[in-house]
Amino acid sequence: MTTVIRVEDLHRHFGGFHAVDGATLEIADGSITGLVGPNGAGKTTLFNVVAGALPPTSGRVFMDGEDITGLPPHELFHEGLLRTFQIAHEFPSMTCRENLMMVPGSQSGETLWNAWIGRGRIAQEERALLKKADEVLDFLTVSHLKDEKAGNLSGGQKKLLELGRTMMVDAKVVFLDEVGAGVNRTLLNTIGDAIKRLNEERGYTFCMIEHDMDFIGRLCDPVIVMAEGKVLAEGSIDQIKSNDAVIEAYLGTGLKNKETAS
Amino acid sequence: MDFLNAFVALSNFVLIPAIAYGSQLALGALGVTLIYGILRFSNFAHGDTMAFGTMVAILFTWWFQSMGISLGPLPTALLAIPFGIAGAAALLLLTDRVVYRFYRAQKAKPVILVIVSMGVMFIYNGLTRVVLGPDDQRFADGERFLIGALDFRRMTGLEEGLAIKSTQAITLVTAIIVVALLFWFLTYTRTGKSMRAYSDNEDLALLSGINPERVVMVTWLIVAALATIAGVLYGLDKSYKPFTYFQLLLPVFASAIVGGLGSPLGAIAGGFIIAFSEVGIVYAWKRVVAHMVPEAWEPEGLLQLLSTDYKFAVSFVILVIVLLFRPTGLFRGKAV
C-alpha cells in the first residue's frame, strides 16, 4: 500500500505547552485510519497543523511525497486535502444547498470581471453544482432540509452537512474530527455508511478522530493511538485494545498495579 | 392652521435634506460595514478614503471642465467618478499590500488593525491635503436646482417654498442604483456569495477552497467604489474640504453601528436614522409649528432643540443609546 500522508517528527508548541511533541505517522492510501487517544493527546492540534490551520513549530508534512508543510487551507483544498471540524462549522445565513454549493472555491464566477460578464458559463456551472448538491443531500438522507438555513440545523445534521461538503469535490484525503460526537445512533449509522461508501466507491482516504470504540471498530483499520503529543501505538482495533501502553494511557497505571498485586 | 404649508416647510428644511444626507451616510456606512464583516476590523481610515477618492474625482472634473467636456445640466463630476474610484482602489490595494496583509498574516487582533487603520487614516489625510490643500474646493457645475423655491411658490400658490437641489436628486437616484447593484451582487453572484461565506465563517470558507486574498481584494474594490461615490455626492451636495470628511467618520460609524456592524441592510437604515435625527434635532421648528397652530399660540422661541454646532453630539447620543440597549445594532450585526 502506498502512503498518501506522511507526518515527520511534528512539533507544535503553545508557549511552554507541547501539544504535539514529535509525532510521526503515515496514512495509507485508500485506508480509513482511526486516530484515538485520551483528551489532550494532541489529536486535534495534529489535524490543525496537517490541514494548514496552524503552522508547525517544527517538522514536516508530506502528501504523495510532496512537502505540504504550512500550506494554507484553501491551497490544500485544491490538492484534495479536506477536513471537518469537531464543532461543526457552517455558513449560518445560507441554506444547506447554498452551503454545499460554496464548494469548490475558485469557480469562474469568483472574479469580479466574470461576475458581471460571463453570466452564461457561470449559470451552467451553477446548474451542475445545484444538481450535485441535491444528490449529496439525497445521499445523506436530508434532502428535506435543502432550503433550511444551515444555522437552524441540529448538531448532528450540521455534522452531516460537513461530511456533505467533502462530497462536493473529488477529495483525496479527508480528515474527520469527531464526526460522530453528539450524534444519535441512527444518524451515526448514516454517517458510518456514507464514510464506507465514499471510501469504497470513490476511493477517499479517511483519517478520523473518534472516541466511540464501536464506531472505530466498525470502520477503521488501522488505528493510531496518540498520547501526550506522541504516537503511542498503531495496529488493528484488537491489537490496540490489548496493548498495555494504550490501556495505561487511557486508564492510568493504578488499575494495572492492582492487578499485579492481587 | 395650514397643514399644506407646514408640510412643504417640513419637506424643504427637514425631509429632503435628511434624505440626501442619509443616502450619503448609508453609502459611507456600507463601506465600513463591508470591511467589518469581511476583514473584521473597524476601518478608521474610511472617511479619508472618501476624501481621497473624491479628490481624484475633483482633479478629473477640473480637467474635464478645462477641456470643455460637460454633461449639460448634470454635474461633470459624475463623469469623473469612475476615475475617482480607480484612484481610491489603487490606493486601498496598495495599502492592503504593504500594510494590512502583513497584519493578516500575523493573524493580528481586530483592535490592532483598528489602531493600524488610524495610522493609515493620518497618512491618507496628509496625502489629500498635500495634493489639494486643506481649503474648500468648488467643483459642482450644471443646473443648481431641480425646482427652485420661487418657481414652486408660483406654481402652487403656497406661502412656503420648496427647493430641490439637483445634487439632492442625483444623490438619491445614485444611491438607489448603487445599493440595488450591491445587493444584487452580494446575493446572486458567485463572488458575492463567496464574500458572504467568508464573512459567515472564515475557516470554513478556506476549507471550501475560497481564496482569501481574492475575497479581500474584491472587498477593497467595492469599498473604493462606495467610498468615492459617497464622497463625491457629499461634496457636490455640500462642499469639499478634506477635514469635513474626517469629521464625517463619526456619523458614518454611528450609522453602521446603529444598524448593526456587518449588516448591509442595517447600514442603510442606520444612515437614515442618523441623518433624520441630526437634521431634525438641530432644525428650528418654529416655522412648521406656526402653520399648524392658531395664531395666538404661535411660539416665541425658535423651537430648536440643539444648536447646529452640536450636530455631531446627536450621532454620539444615538450611538450610546443603541450600544446600551441593543449592542448588536437594530439588524443584529456581528457583536461589536
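Predicted model: local features only at pLDDT ≥ 70, side-chain atom pairs only at ≥ 80, totals over all residues.
In chain A, strand 4 and strand 5 run antiparallel and are joined by two bridges. That pairing belongs to an open four-stranded sheet with the order 2-1-4-5.

**The four-stranded sheet in chain A**

- Going through the order 2-1-4-5, the pairing is antiparallel.
- Strand 2 and strand 5 (66-67) are the edge strands; each has a single partner strand, so one side of each has no neighbour in the sheet.
- Strand 1 (residues 3-14) pairs with strand 2 (residues 17-28) over nine bridges, in the antiparallel sense.
- Within that pair, A:His13 sits opposite A:His18 of strand 2.
- Strands 1 and 2 of chain A make a hairpin with two residues between them, and A:Gly15 in the turn has a positive phi of about 60°.
- On to the next pairing: strand 1 is joined to strand 4 (residues 58-63) by five bridges, again antiparallel.
- A:Ile5 has A:Met63 of strand 4 as its bridge partner, and A:Met63 also stands opposite A:Glu66 in strand 5.

**A second hairpin in chain A**

- Strand 9 (residues 223-227) and strand 10 (residues 230-235) of chain A run antiparallel, with five bridges joining them.
- One of the pairings here puts A:Val223 with A:Gly235 of strand 10 as its bridge partner.
- Two residues lie between strands 9 and 10 of chain A in this hairpin, and the one to check in the turn is A:Glu228, with a positive phi of about 50°.

**Two helices of chain A**

- Helix 1 (residues 43-50) of chain A is largely enclosed by the rest of the structure, because seven of its eight residues are buried.
- The buried ones are A:Lys43, A:Thr45, A:Leu46, A:Phe47, A:Asn48, A:Val49 and A:Val50.
- After helix 1 of chain A comes A:Gly52, which has a positive phi, near 85°.
- Helix 7 (residues 185-202) of chain A holds A:Glu200, which counts as exposed because its relative accessibility is 61%.
- A:Glu200 lies 63 residues from A:Leu137 in sequence, and their C-alpha atoms are 19 Å apart in space.

- Setting aside neighbours within four places in sequence, B:Leu34 is in contact with B:Leu39, B:Leu182, B:Leu186, B:Met195, B:Thr219, B:Ile222, B:Val223 and B:Leu226.

**Annotated segments of chain B**

- In the model, residues 51-71 of chain B are 81% helix and 0% strand, with the end C-alpha atoms 23 Å apart.
- Residues 111-132 of chain B come out as 100% helix and 0% strand, and here the end C-alpha atoms are 32 Å apart.

**The largest pocket**

- Helix 3 of chain B gives the largest share of the lining, five residues.

**Cavities**

- The structure has four cavities of 30 Å³ or more, and the largest cavity has about 50 Å³ of space.
- That largest cavity is lined by A:Cys96, A:Leu137, A:Leu140, A:Val142, A:Leu145, A:Leu153, A:Gln157, A:Leu160 and A:Leu161.
- Helix 6 (residues 155-166) of chain A supplies the largest share of the cavity lining, three residues.

Conventions
Residues numbered from 1 in each chain as written. Chains lettered and ligands numbered in written order. Heavy atoms only, no water. Buried < 20%, exposed > 50% of the residue type's maximum accessible area, 1.4 Å probe, protein only. Contact = heavy atoms within 4.5 Å. Pairing = 2+ DSSP bridges. 1 Å grid on protein atoms, 1.4 Å probe; cavity = no way out; pocket = protein on both sides within 12 Å on 5 of 7 lines; lining within 4 Å. Points joined across faces, edges and corners; volume = space filled by probe spheres on them.
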